[in-house]
Amino acid sequence: MNLAYRDIRHGLGRFLLTCVGLGLLLGVVLAMIGIYRGLVVEALTIARAPGVDLWVVEANTRGPFAEASRIPADTREAIARIAGVAAAGSITYQTVEAEYQERKLRLYVIGYEPTRPGGPPEIEEGHAIARSHFEMVADRSSGLVPKDRVRLGRDTFTVVGSTSRQVSSGGDPAVYITLQDAQKLQFDLAPPATRVQLARGAASTGRDTVNAVVARLHPNASPDAVAETVRRWKHLAAVTQEAQELILTRSLVDRARRQIGLFTSLLLTVSAVIIALIIYTMTMEKLKQIATLKLIGAPDRTIIGMIVQQALALGSIGFAIGATLIASIKDYFPRRVVLEPDNVLALGAIVIVVCLLASALGVRAALRIDPATALGG
């Protein structure tokens, strides 16, 4: 006879309700781990989208993501002529709020040259930008679909294609437009501001400026060697793709990443304490039954096996409920939730270890029970 199974079946409703409560708590822990991983993935998405090896930015900056960066657009021609560079493209980044269907739409606008590096990695619906003006490729999370029209600045753009999972480090959906349209949107002053500048006698500033030049190298070229060649000019800075990703993870999202990591650790600690209390309470409620087992000659290993099996069943069922819940609703979170198999397995192993350690409290209490207790009132 399996005593753990018999005891669980005797109070099945209460046991399942406890498993559901524990599952919800573990689901929150798993969700925080997924948000933590998703924050890092989102931060690297835009930087990885062009599929380049080198970023050329303004001197003494780590732009274009960590700091502001502005360089002349013709820098691209100079970079393209460096030995080892296969292709180069100019690119701009800016955050814009637009009106769409009577609501504010916050977009991360990327301007690129359609025939050069810097565009969307994949078009899932529609087609890529084919005209030099007023066409757009939008991420699905923006709610924009092909043939939609949205106004950016003083111009109206038509969505011609859709991509997915292209968001900024702040979670804003990315949209791609041509470099000329992006420069006009970013650097042109509104008519009233232009008149004010002319009245002050200020010279009109040109918009032949970009935030960065991205370069794709030949397979046998060294990114560090090409970057050093660019730095020798002294008026430009060069960042390899590896260094760019390091800047993003250690600078741009570091505080948020550490805060979510700390909160996840606290949740995991609280979960461990709650599991220990649940198992200890379940054991204390059966003190008289355990005493009766001892009185009729049941060995200690039978009692220990009952407590450990119940603890493992509680943790396993609770974890399965939590993992299933989060896996089914993770796509409805406003930010990306990334559940990687190694993270899920690691949390499952932690839950099993916590259950085993927590059952030690119940085992200790059970082994100290006097069999004569069963004869009491």
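Reply: At 2% relative accessibility, T163 counts as buried. Buried means under 20% relative accessible area, exposed over 50%, and partly exposed in between (1.4 Å probe, protein chains only).

Me: Which element does T163 lie in?

Reply: T163 is part of strand β8. Helices (H or I, at least four residues) and strands (E, at least two) are DSSP runs, numbered from the N terminus.

Me: And what is T163 in contact with, leaving aside its neighbours within four places in sequence?

Reply: E122, V137, A138, D139 and R140. Contact means heavy atoms within 4.5 Å.

Me: Before I go on, what am I looking at, and how are the residues numbered?

Reply: This is a predicted model, in which local features need pLDDT of at least 70 and side-chain atom pairs count only at pLDDT 80 or more, while totals for chains, interfaces and linings use all residues. Residues are numbered from 1 along each chain as its sequence is written, and side-chain values use heavy atoms, with hydrogens and water left out.

Me: OK, cysteines. How many disulfides does the structure hold?

Reply: The count is 0, where a disulfide is a pair of cysteine sulfur atoms within 2.5 Å.

Me: Is C19 buried or exposed?

Reply: C19 is buried, at a relative accessible area of 0%. C355 also counts as buried, at 0% relative accessibility.

Me: Switching to charges. How many salt bridges are there in the whole structure?

Reply: A search finds 15. A salt bridge here is a side-chain nitrogen of Lys or Arg within 4 Å of a carboxyl oxygen of Asp or Glu.

Me: What does R76 meet in a salt bridge?

Reply: R76 meets E113, at 2.7 Å from N to O. R76 lies in helix α3 (residues 75-80) and E113 in the loop between β4 (103-112) and β5 (125-126), so the pair ties together parts that are 37 residues apart in sequence.

Me: Buried or exposed, that R76?

Reply: R76 counts as buried at 11% relative accessibility, and E113 is buried at 14%. Both belong to a network of salt bridges that links R76, E77, E113 and R116.

Me: What about R106, which residue does its side chain meet in a salt bridge?

Reply: D172, at 3.1 Å from N to O. R106 sits in strand β4 and D172 in the loop between β8 (155-163) and β9 (174-178), so this pair ties together parts that are 66 residues apart in sequence. R106 is partly exposed at 42%, whereas D172 is buried at 13%.

Me: Last topic, β1. Why is it largely enclosed by the rest of the structure?

Reply: Because 4 of the 5 residues of strand β1 (residues 54-58) are buried.

Me: Which strands is β1 joined to by bridges?

Reply: One is β11 (residues 212-217), joined to β1 by 3 bridges and running antiparallel. Another is β12 (residues 236-240), with 5 bridges to β1, also antiparallel. Two strands pair if DSSP finds at least two bridges between them.

Me: Where do W55 and V56 come in?

Reply: W55 stands opposite V214 in β11. V56 has A238 in β12 as its bridge partner.
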